[in-house]
Amino acid sequence: MTPAGQQHAPELRAAARHLGRRRFLTVTGAAAALAFATNLPTAGVAGAAELDARRISDNPFTLGVASGDPLPSSVLLWTRLAPAPYEPGGGLPAERVTVHWELAHDARFRRVARRGTATAHPEFSHTVHVEVDHLEAGRTYYFRFRTGKWTSETGRTRTAPATGSRAGALTLAAVSCQAYHDGYFTAYKHLAQDDVDVVFHLGDYLYEYAVNAVGGARNYTDRTLPAHYNKETQTLEDYRLRYALYKSDPDLRAAHAAHPFVVTWDDHEAENNYADDISENDDPPAEFLLRRAAAYRAYWENQPLRRPQLPNGPDAQLYRRLKWGRLAQFDILDTRQYRSDQAYGDKAHVPGPETDDPARTITGATQERWLIDGWRRSHALWNVVPQQVTFSQRKLDLNAQAKLSMDAWDGYRASRQRVLAGAKAADLENLMVLTGDVHVGYAFDIKADFDDTSSRTVGTEIVATSIASGKDGADRPANWDTYTRANPHLKFYNGRRGYVTVSLGRDAARADFKTIDAVTVPGAPIKTAASFVTESGNPGLRPA
């Protein structure tokens, strides 16, 4: 949380005064505001001179490579040039750089499938997003980048199965919440070696909070982080530098190189617990939207995202749909950008008129219709919803009328009921929700009526614990007994760091909760804390 009375960055305040809210909310005004706040040229990317890549004297691939959003005939490849990643501008002049890329059938690049060139523009922080088309469905590929005398590490990716094919199986990993200052990304080291097809990142890829010279709980003794990390992110350059810090982590780099990622944001990529244009500290909306625009732009720049997800000022359509043959449909949600303000001041509260107000929404009306319409047209066996905050009811105490979280779907109960009614109308047999946010692992049965233990189970919610947020954690947090007694549909609760894998098959799905005991020191081993299965056509979790 921003300390009370702290001033936002002068650039944001100046831009907010310069552009009134009405003008800011127009497309042109939003783009101009972003340029005004960050000194980006409004003329676009064509004006920068070209840098002779042979002049790059240090390795520019310090932030690794990544791929994402696999389609049957296409993958998205990503890298960012930054020979000095902890410096503003990444150590490169404001000049465009030509980058060569290759995608091959084998790791030695003896059978190259596609190759080409792309431009790393300074206006986009020298990031590269290459959408490679005309590929074979359901295949593994290897890729790399080259500029000047430098060649990147090799990444591995894959395409989705052909549309309409009866894919027999898929294994995904779900991850979330990686506060750099809370510990090492050891879970990613293990995930890089795990046998999964795709990784879903469910939000809080970075945190806006200050990171001190020793990296917080990492307590470095072999390096000193620059002073500009020891403040909350506000401007575009702040967010770009923070991504450079995170992406320089070798374990995160390894996971990105090993598997394609499908990403969505939560709140900390911009600011804690914001709701639409309402900031945590009730800053003027025009001022906060400038910050949101900077955060959204830096997010797109630093993630393996396609062109349709490129922000327009403070707006970006991150919700989207991916398919894995006829086995699975993934409806990736954004429950942060369009939501109504949290009820009851965003404090834990018993249900009331605000939580049940049908005018309030966590998805926005357009995204809600898109989700339900997509279910009506779905031919997939498993309909999976990767999203941010806890979907199932989660009572926080044992009182007759228990308090609930106002930031989760419990604070938007009318929204949840509409979504569940949509799933019922679409006759979904196998609904699965993937969730992050809470820094613990949960396994829930989704009930038609959470207050009636005998009501029908209509789906499964798998909550991935954090990669690092919350530091080491505990197998049984202090509230473990309360939560498990208050919520009989909660089948598993563990407070360690780690990730979860979910294997989807024709007959059943299996979730394996993988945990590590420590992130405040590097190198902890990983173990499987628990495993559950749910049968196709018969929702309900049981131990594997």
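**Close-up 1. Strands E19 and E20 pair in the antiparallel sense over 8 bridges.** In this predicted model, strand E19 covers residues 490-505 and strand E20 covers residues 508-516. Strands here are DSSP runs marked E of at least two residues, and helices are H or I runs of at least four residues, each numbered from the N terminus. Two strands count as paired if DSSP finds at least two bridges between them. E19 and E20 form a hairpin, with 2 residues between them. Look for Val500, whose bridge partner in E20 is Phe513.

**Close-up 2. E20 also runs antiparallel to strand E21 (residues 526-535), joined by 9 bridges.** Here Thr515 stands opposite Lys527 in E21.

**Close-up 3. Helix H4 (residues 186-193) meets helix H6 (residues 250-258).** Their axes, lines fitted to C-alpha atoms over the stretch in contact, come within 7 Å and cross at roughly 25 degrees. The two helices are therefore roughly parallel, a label for angles under 35 degrees. Thr186, Tyr188, Lys189 and Ala192 of H4 make the contact (heavy atoms within 4.5 Å) with Asp251, Leu252, Ala254, Ala255 and Ala258 of H6.

**Notes for all views.** Residues are numbered from 1 along each chain as its sequence is written, and side-chain values use heavy atoms, leaving out hydrogens and water. Because the model is predicted, local features need pLDDT of at least 70 and side-chain atom pairs count only at pLDDT 80 or more, while totals for chains, interfaces and linings use all residues.

Technical notes:
Buried means under 20% relative accessible area, exposed over 50%, partly exposed in between (1.4 Å probe, protein chains only). Axes are lines fitted to C-alpha atoms, for helices over the stretch in contact, and angles run from 0 to 180 degrees between N-to-C directions. Angles under 35 degrees count as roughly parallel, over 145 as roughly antiparallel, 65 to 115 as roughly perpendicular and the rest as oblique.
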